[in-house]
Amino acid sequence: VFLGGWVEVNWCQTNKFNHATAMEQVLESHDHGYWLRRWNTGETAWQKNVVDSVLQAHFDKVINGQSGSSIFVPLCGKTLDLIWLNEKGHCVVGCELSALAAKQFFEENNIPYNTSDATNFTIYSATDRNIKIYVGDVFNFASTYTGSFDCAWECNAIVALNVEDRERYANLLATLIKTGGKILMTTWEYDQSERKTHPFSVPHGTVRELFKQNFDADLIESIDATGTYFTQKFNLTYAFRPVHLLTKTK
């Protein structure tokens, strides 16, 4: 799915985005069909055509200068972040609901690939570099497919999930990350009373509470997005993009 692109004002403003009403989104987003329809109709204005600036600014805090790390990118869409991470010398595994997104990622970037089947997933694997995308429901993903990861880049994935799924998602990530491993996470923060659907407001306090059983959570930056395309599109008074660094404690 990948919702990292809302803050990229110039690119987003050049893309048409016809969306359902807020109530329709609340109802439909419980169904995988909602997100698959969005991909099939090209209504994916959240996708960026550049590498995320937060990732570039803060990822050294996650890997501590090491190369060859295994990195998990949930709800990855067709983000170019996968390529950037791999070019830094890391093994990258994304998970994405839409097969079209995975196919477009490889074909639009001229990366040769093959596909294979695993229980609950179709695996798209680059043949010339260490990038894989597991296509299926992220809640079916497990370390039995890949082994545990050194770290993760979680770019606004949790804001796309329904509120009742957040705790299950936090527990899933805890099973995938090695003890001592880190997650670099970005979310959105705004007045939730002004918007009742995704991308939801998930401030640092909520992240800390959700992950406290297995992670220490630090707020390392909060980017003011007030007045950007994000607040204009959703008629929000203000918005921030918090950047969280989570460290697996057990």
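Q: What is the order of the strands in the open sheet of nine strands?
A: The order is S3-S4-S5-S2-S1-S6-S7-S9-S8, and the pairing is mixed. Strands are DSSP runs of E with at least two residues, helices are runs of H or I with at least four residues, and both are numbered from the N terminus. Two strands pair if DSSP finds at least two bridges between them.

Q: Before going on, what kind of model is this?
A: This is a predicted model, in which local features need pLDDT of at least 70 and side-chain atom pairs count only at pLDDT 80 or more, while totals for chains, interfaces and linings use all residues. Residues are numbered from 1 along each chain as its sequence is written, and side-chain values use heavy atoms, with hydrogens and water left out.

Q: How does S9 pair with S7 and S8?
A: S7 (residues 177-186) and S9 are antiparallel, with five bridges; Thr-186 stands opposite Val-243 in S9. S8 (residues 215-224) and S9 also run antiparallel, joined by nine bridges, and Leu-219 is opposite His-244 of S9.

Q: Why is S9 largely enclosed by the rest of the structure?
A: Strand S9 (residues 240-248) is largely enclosed because eight of its nine residues are buried. Buried means under 20% relative accessible area, exposed means over 50%, and partly exposed lies in between (1.4 Å probe, protein chains only).

Q: And S2 with S5, parallel or antiparallel?
A: S2 (residues 91-96) and S5 (residues 131-135) run parallel, with five bridges. Val-135 in S5 is the bridge partner of Glu-96.

Q: Turning to aromatic rings, how many aromatic pairs are there?
A: The count is 20 aromatic pairs. Rings of Phe, Tyr and Trp (its six-membered ring) pair if their centres lie within 6.5 Å; planes under 30 degrees apart are stacked, over 60 edge-to-face, and the rest tilted. Among them, Trp-188 and Phe-230 are stacked, at 3.8 Å centre to centre with 10 degrees between the planes.

Q: Where in the chain are Trp-188 and Phe-230?
A: Trp-188 is in the loop between S7 and helix H10 (204-211), whereas Phe-230 is in helix H11 (residues 229-234), and the two are 42 residues apart. Both residues are buried.

Q: Which residues form one aromatic cluster?
A: The cluster consists of Phe-72, Phe-121, Tyr-134, Phe-141, Tyr-145 and Phe-149.
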